[in-house]
Amino acid sequence: MKKSILLLISMLFSSFMFAQDEPCGTISTPESEAHFNRMKNQIEQLENEFMSRTATQRNSTALTSIPIKAHIIRQTDGSEGLTEEELTDALEIVNTFYANANLNFFLCEAINYIDDTALYDFQTDSQDDMSTTNGVDDVLNIYFANSVTRSTTSSSLCGYAYMPPGPETILMNNSCTTNGSTLAHEIGHFFGLNHTHGPSNSELTEELVDGSNCNVTGDNI
């Protein structure tokens with residue numbers, strides 16, 4: 001599914017307006033870069049097939065629905081945490097962003113509440129254990145915490161996702177979930193899209209404004 005959707009949302013990703021107070025923690029890895037390179041021929045084939053269609057044929061209204069399993073982390077006594085209303089509002093904004101790509105995200109079954117004060121202010125080194133206990137196969141698992149901190153550097157993050165072929169997991173800071181853009185941003189990474197400004201928050205793109213090297217650097221689109 002990710003291979004065919006990547007082409008559809010690549011143009012949307014660069015148009016998002018972000019109001020992040022803290023950085024995105026998603027980074028490209030050698031594995032994700034290798035995965036992207038393997039996809040390039042398939043992406044080019046999709047582009048050629050798309051451009052060979054008539055204008056009418058390009059305007060498909062077929063909708064792809066993508067299931068999300070929401071995991072809301074609260075205090076051990078069940079207090080605090082992202083509200084169901086805030087989650088619903090955030091997903092409505094995401095669906096507005098992705099509507100032009102005919103993508104729709106929906107909640108898969110009930111919200112999973114994780115009542116654990118130790119995870120409420122989330123440290124990234126806790127993810128494997130938490131995902132093993134709570135993760136659901138074949139859906140996009142999104143965890144919502146009061147804060148997200150990279151354990152190795154103690155730096156605060158708005159959120160992070162894994163580039164394919166990584167886990168189908170996204171971690172979100174609650175305040176960034178409700179800022180109108182970051183959740184859509186992280187979902188873009190989940191589908192394999194790099195930052196348009198560069199490989200990471202500290203490394204800017206080498207892509208030229210005339211687009212002459214866009215196949216080998218920048219976001220690789």
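The legends below describe close-up views of a predicted model. Local features are given where pLDDT is at least 70, side-chain atom pairs count only at pLDDT 80 or more, and totals for chains, interfaces and linings use all residues. Residues are numbered from 1 along each chain as its sequence is written, and side-chain values use heavy atoms, with hydrogens and water left out.

**View 1. An open sheet of three strands, in the order β4-β6-β7.** The pairing in this sheet is mixed. Strands (E, at least two residues) and helices (H or I, at least four residues) are DSSP runs, numbered from the N terminus; two strands pair if DSSP finds at least two bridges between them. Strands of a sheet pair through backbone hydrogen bonds, either parallel or antiparallel. The edges are formed by β4 (121-123) and β7 (155-157); each has a single partner strand, so one side of each is left without a neighbour in the sheet. From one strand to the next, the twist averages 35°, where axes are lines fitted to C-alpha atoms and angles run from 0 to 180 degrees between N-to-C directions.

**View 2. The pairing of β6 with β7.** Strand β6 (residues 147-150) runs antiparallel to β7, and three bridges join the two. Arg150 has Ser155 in β7 as its bridge partner.

**View 3. Gln127 in helix α6 (residues 127-134).** Gln127 is buried, with a relative accessible area of 3%; buried means under 20% relative accessible area, exposed over 50%, and partly exposed in between (1.4 Å probe, protein chains only). Its side chain makes a polar contact of 2.8 Å with the side chain of Tyr162. A polar contact is a pair of N or O atoms within 3.5 Å; within protein, one must be able to donate a hydrogen and the other to accept it, and residues adjacent in sequence count only if both atoms are side-chain atoms. Leaving aside residues up to four places away in sequence, Gln127 touches Phe122, Tyr160, Tyr162, Thr169 and Leu171, contact being heavy atoms within 4.5 Å.

**View 4. The enclosed helix α8 (residues 182-190).** Nine of the nine residues of α8 are buried, so this helix is largely enclosed by the rest of the structure. Among them are Leu183, His185, Glu186 and His189. Just after α8, Gly192 takes a positive phi of about 105°.

**View 5. Val94 of helix α4 (residues 84-98) and its contacts.** Val94 is buried, with a relative accessible area of 2%. Not counting residues up to four places away in sequence, Val94 touches Phe105, Leu183, Ala184 and Ile187. Val94 and Leu183 are 89 residues apart along the chain, yet 7.0 Å separates their C-alpha atoms.
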